[in-house]
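Thanks for making time this morning.

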Amino acid sequence: MSHECASEPLLRVMALHALTYCERLFYLEEVEEIRLADEAVYAGRRLHEELAVDEGEIVSLVLESETHGLKGKVDCLRRRDGRLIPYEHKRGHAAKGEQGPEPWPSDKIQVSAYVLLVEEYAGCVIEEARIRYHADNVTVRVAVDDVARDQVRKAVARARELSKSVERPPVTDNERLCVRCSLAPVCLPEEERLAGNPEWKPIRLFPRDYERQALHVTEPGARVSRSGNTLVVQAPERERRVFPVHDVGEIVLHGHAQVTTQVIHLCAQQDIGLHWITGGGRYIAGLVAGTSPVQRRIRQYEALRDPGVAFRLAKRLALTRGASQLRFLLRASQGMDRAAKGVQPAINGIRAALAAMSHAEGLDTLRGHEGEAGRAYFSGLPGILRTDLDSRLMFTGRTRRPPQDCFNALLSFGYSLLHRDVLQAILAVGLEPAFGFYHQPRSAAHPLALDLMEEFRVPMWDMPVVASLNRLQWDPDQDFTRAGPQVWLSDAGRKKAIEIYERRKEDEWKHPVTGYALSYARLIELEVRLLEKEWTGQPGLFARLRLR
Ligand code: SF4
């Protein structure tokens, strides 16, 4: 066997393991370079560490072969009856064969590949490898004959072929493999099966919530530094606050808070998002670590350059946002005299705009009707605010840059927080935020982030902010500052808004199509992944969120 193209990088033996398990897993890990360490992966690493301590025989031999085009780390090499035998340790169970425990196909190809590497290294012929399955406490012998060697060669060739493709292989037919797959939250196999078969009852392989929290630094003059595996926030005249790194998913610097270079490096290494927002709430920039998988961006460009695809997605998005606006007004005005409150005309206006949108045949027409829905929605908002609210907190119309009253200051600030989360999710998924399908690249904001925000503005900010106003949580003197006609949130107001927003992110919502519940924070990422499915797999699941 010879490595066909010496200029090609060597394949990891573990990549052959992934390829045999599921071709899509190989592609995600090796081509798109997505690797997520879940509990099973950590447990596997722990096993190897413990074995290294317990068993003096662990060799952990790192080998490379240009001939075979492979590289890998052999767990253990033992000499039995004068013969060298590579051993591999597995945490789980062996496969159940008719004659007793058997190796799984992916494990078999892995140890066969190790045999080839060890043969070349040691200059001898090896006919057998062994796999220790610790959950069963059994060792299985694997004969490495001509058939096994041929399987390795074919797997290497298939891996090279897949590496050149920009198309992700389809999800596996064997859904039991997905339950144990660490990349299920990225691959979304159940959602893809649902898109292809509306009768499918998906199980939730996507984590319900993030384990790591957002750290907002709002105090003027605050500084974030690193001390070992902790982040330290020191603000003038405030106590020093310390956060373990593994509890933080993103750092958001408001205003002129400072961050050290060591923290920037740490964020890049540990996949912690770092975002800068002005004191007025405008998003400036963000840093999200990770590779930039070009295959995804090529697919995104190819898909969204098609005006038909872009229009279809824009229409679904506009209809979803309009439907949320309508549902919110209907819910919030339940039991009210809608006509007297001025909510009914708004409801009628959104309904008419939604009907017109569903017949729209071009982007400009769609934008026109979406604008009508938006104007109708905002005209109805004053009617769902309590009548004894301080008049300075009342809503009289949308003003954006800059906001000119308290209500608009609240809306703008919350949308800025939302923009940050959507952008973080887009970058984490590996899409290009500058290339959207609905918004034009006019401002500093990224068009794709603006597109995706449309789905979340109402449930993630308009609803909680109206509820907080109706609970009389806002003080127009303490929570806002004024500069001429412009109104911004004060330090106290920013803290309050962040608290409301972050609490909202933790609320759970049952996805109307997949049927499982997850937090809003996870929902954003799920929607980005479902958007990508519009051009990588089964379309039809993106932008189907509905308020009940
Ligand atoms: S989740 Fe299933 S289809 Fe997706 S990579 Fe894993 S095993 Fe393959």
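Let me start with what I mean by pairing: two strands pair if DSSP finds at least two bridges between them, and both helices (H or I, at least four residues) and strands (E, at least two) are DSSP runs numbered from the N terminus. Please keep in mind that this is a predicted model, in which local features need pLDDT of at least 70 and side-chain atom pairs count only at pLDDT 80 or more, while totals for chains, interfaces and linings use all residues. Residues are numbered from 1 along each chain as its sequence is written, and side-chain values use heavy atoms, with hydrogens and water left out.

With that in hand, look at the open sheet of four strands, whose order is β12-β11-β10-β14 and whose pairing is mixed. Because β12 (241–244) and β14 (258–259) stand at the edges with a single partner strand each, one side of each is left without a neighbour in the sheet.

Inside this sheet, β10 (residues 223–227) and β11 (residues 230–234) are antiparallel and joined over five bridges; serine 227 stands opposite threonine 230 in β11, and arginine 226 has leucine 231 as its bridge partner. The two strands form a hairpin with two residues between them, where glycine 228 takes a positive phi near 60 degrees. Toward β14, by contrast, β10 pairs in the parallel sense over two bridges, with glutamine 258 as the bridge partner of arginine 223.

Across β10, β11 and β14 lies helix α9 (residues 261–269), running at about 70 degrees to β10, where axes are lines fitted to C-alpha atoms, for helices over the stretch in contact (heavy atoms within 4.5 Å), and angles run from 0 to 180 degrees between N-to-C directions.

A second hairpin is made by β17 and β18, again with two residues between the strands, and glycine 484 in its turn has a positive phi of about 60 degrees. Four bridges join β17 (residues 480–483) to the antiparallel β18 (residues 486–489), and phenylalanine 480 stands opposite leucine 489.

Finally, which residues are around the ligand? Counting those with a heavy atom within 4 Å of it, they are Tyr21, Cys22, Arg24, Leu25, Val171, Thr172, Cys178, Cys181, Ala184, Cys187 and Pro189. At least two residues of this shell come from each of α2 (23–31) and α7 (184–187).
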